[in-house]
Amino acid sequence: MSSLVKEDLAKRLFGPRRQRLHEFIEVEGAGAQRYYLCAAVTTSKEVEICMVKHWRVNREEKYEIVEKWFLKDLEMIDGKEADTDNPYFDMHFHKIYNMEAYSCASKYTFARTLSNLNAMYLKKDLKIVNFDDTYLNDDSIWSSSNRDCLVVMRMCFYASNLLCLSLCPLS
């Protein structure tokens with residue numbers, strides 16, 4: 001489903017603006033509309049982060065950019081708590097924007113995307129705090145193109161290790 005939404009966003013919203021959509025995540029919003037946090041690259045190689053409102057009118061999908069920022073203005077991404085599985089994070093621009101992603105995995109996906117886009121286009125010192133570095137690094141054994149599965153896979157690995165350890169007899 002998310003690949004269909006990404007394709008539709010790219011075609012209807014970002015394509016006409018001559019931008020390339022790299023990633024999007026669903027974030028909590030009010031009412032019946034859905035909201036997506038998107039990262040796109042312009043033709044002038046600027047990285048835009050935007051909040052997109054999504055709604056349906058007579059079976060037709062509608063998208064509208066309701067807020068827009070540039071990656072160059074992003075000072076910090078704060079994942080709130082690296083030790084807990086929570087979808088909350090803050091983006092620090094000229095003011096702090098509180099976000100709630102659809103899941104913890106999507107929060108990490110978006111932070112990883114911004115980190116990668118920063119490395120490709122800006123090469124500035126982007127502060128990413130209160131995230132587990134293991135899940136952010138592409139050189140990690142856990143990184144793959146499956147993105148959202150990374151955190152779940154790692155949690156399953158830890159859970160199976162805990163189960164094995166709990167079954168071991170103590171001498």
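Leu37 touches Glu23, Phe24, Ile25, Val27, Ile49, Cys50, Met51, Trp69, Phe89, Met91, Met99 and Phe110, leaving aside residues up to four places away in sequence, where contact means heavy atoms within 4.5 Å. The model is predicted, so local features need pLDDT of at least 70 and side-chain atom pairs count only at pLDDT 80 or more, whereas totals for chains, interfaces and linings use all residues. Residues are numbered from 1 along each chain as its sequence is written, and side-chain values use heavy atoms, with hydrogens and water left out.

Leu37 also belongs to the largest nonpolar core, which has 29 residues, and together with Ile49, Trp69, Leu74, Phe89 and Met91 touches the most other members. Such a core is a set of buried Ala, Val, Leu, Ile, Met, Phe, Trp, Tyr and Cys residues joined through side-chain atoms within 4.5 Å; buried means under 20% relative accessible area, exposed over 50%, and partly exposed in between, with a 1.4 Å probe and protein chains only. Helix 2 gives the largest share of this core, 6 residues. A second, separate core of 12 residues includes Leu13, Phe14, Val52 and Tyr63.

The strands named here are DSSP runs of E of at least two residues and the helices are runs of H or I of at least four, numbered from the N terminus. Four strands form an open sheet in the order 1-2-3-4 with antiparallel pairing, and its edge strands, each pairing on one side only, are strand 1 (20-27) and strand 4 (60-70). Two strands pair if DSSP finds at least two bridges between them, and two of the pairs are set out below.

Helix 1 (residues 2-14) lies across strand 1, strand 2, strand 3 and strand 4, and runs at about 125° to strand 1; axes are lines fitted to C-alpha atoms, for helices over the stretch in contact, and angles run from 0 to 180 degrees between N-to-C directions. Helix 2 (residues 104-122) packs on the sheet, touching strand 1, strand 2 and strand 3, with its direction at about 155° to that of strand 1. Because 6 of its 8 residues are buried, strand 1 is largely enclosed by the rest of the structure.

Lys80 is found in the loop between strand 5 (76-78) and strand 6, and counts as partly exposed at 34% relative accessibility. Although Lys80 and Asn130 are 50 residues apart along the chain, their C-alpha atoms are separated by 5.6 Å, and Asn130 is among the residues that Lys80 touches.
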